[in-house]
Amino acid sequence: METEEALLALAALSQSTRLEAFRTLVRHEPDGLAAGDLARLLEVPQNTLSAHLAILSRARLVSSERHSRSILYRASLGEFRDVAVFLLRDCCGGRPEVCEPVVETLQSCCSPKPRRRAR
């Protein structure tokens, strides 16, 4: 990821409605949400949300897909991962112990749950 791409993504997330929209879409992965449903959840007018989603889309943090009369939005988790890695990659300065607390926090909150075996 280039610096300009990271700046675009971080700028898109630097506004409260856009940040909450992105976080809500992450919680609804992989199904995504229709724009109207997202607007209702966030309690914002649809035209306002549309402008925010356009900014998130330009930053490649959300993708959209038309389903008949509605547009379904999804968080672009790969792009978000790239932004997070961009931020963390150089934070260590060649000293992994500097980032160790961040990695431990992510592992404790984001570890995949063990899968159940089929009987």
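**Entry 1: α2 against α4**

I started with helix α2 (residues 16-27) and helix α4 (residues 46-58), whose axes come within 10 Å and cross at roughly 75°. Axes here are lines fitted to C-alpha atoms, for helices over the stretch in contact, with angles from 0 to 180 degrees between N-to-C directions. So α2 is roughly perpendicular to α4 (under 35 degrees is roughly parallel, over 145 roughly antiparallel, 65 to 115 roughly perpendicular, the rest oblique). I then listed the residues that meet: T17, R18, A21, F22 and L25 from α2, and L49, H52, L53, I55 and L56 from α4. By class I noted 7 nonpolar, 2 polar and 1 charged residues in this contact. Ala, Val, Leu, Ile, Met, Phe, Trp, Tyr, Cys and Pro count as nonpolar, Asp, Glu, Lys and Arg as charged, and the others, Gly among them, as polar.

**Entry 2: what I am looking at**

This is a predicted model; local features need pLDDT of at least 70, side-chain atom pairs count only at pLDDT 80 or more, and totals for chains, interfaces and linings use all residues. Residues are numbered from 1 along each chain as its sequence is written, and side-chain values use heavy atoms, leaving out hydrogens and water. The mean pLDDT (the predictor's confidence in each residue, from 0 to 100) is 87, and 89% of the residues score at least 70.

I found 6 helices and 3 strands, in the order α-α-β-α-α-β-β-α-α. These are DSSP runs numbered from the N terminus: helices are H or I, at least four residues, and strands are E, at least two.

**Entry 3: the core**

I looked up the largest nonpolar core and found 20 residues. Such a core is a set of buried Ala, Val, Leu, Ile, Met, Phe, Trp, Tyr and Cys residues joined through side-chain atoms within 4.5 Å. L25, L38, L49, L53, L56 and L61 have the most contacts inside it. α1 (3-13), α2, α3 (35-42), α4 and β3 (70-75) each give two or more residues to this core. I checked L38: beyond four places in sequence, L38 is in contact (heavy atoms within 4.5 Å) with A21, T24, L25, L33, L49 and L53.

**Entry 4: A59**

A59 sits in the loop between α4 and β2 (62-67). A59 counts as buried, because its relative accessibility is 4% (buried is under 20% relative accessible area, exposed over 50%, partly exposed in between; 1.4 Å probe, protein chains only). A59 touches L8, A9, A12 and E79, leaving out residues up to four places away in sequence.
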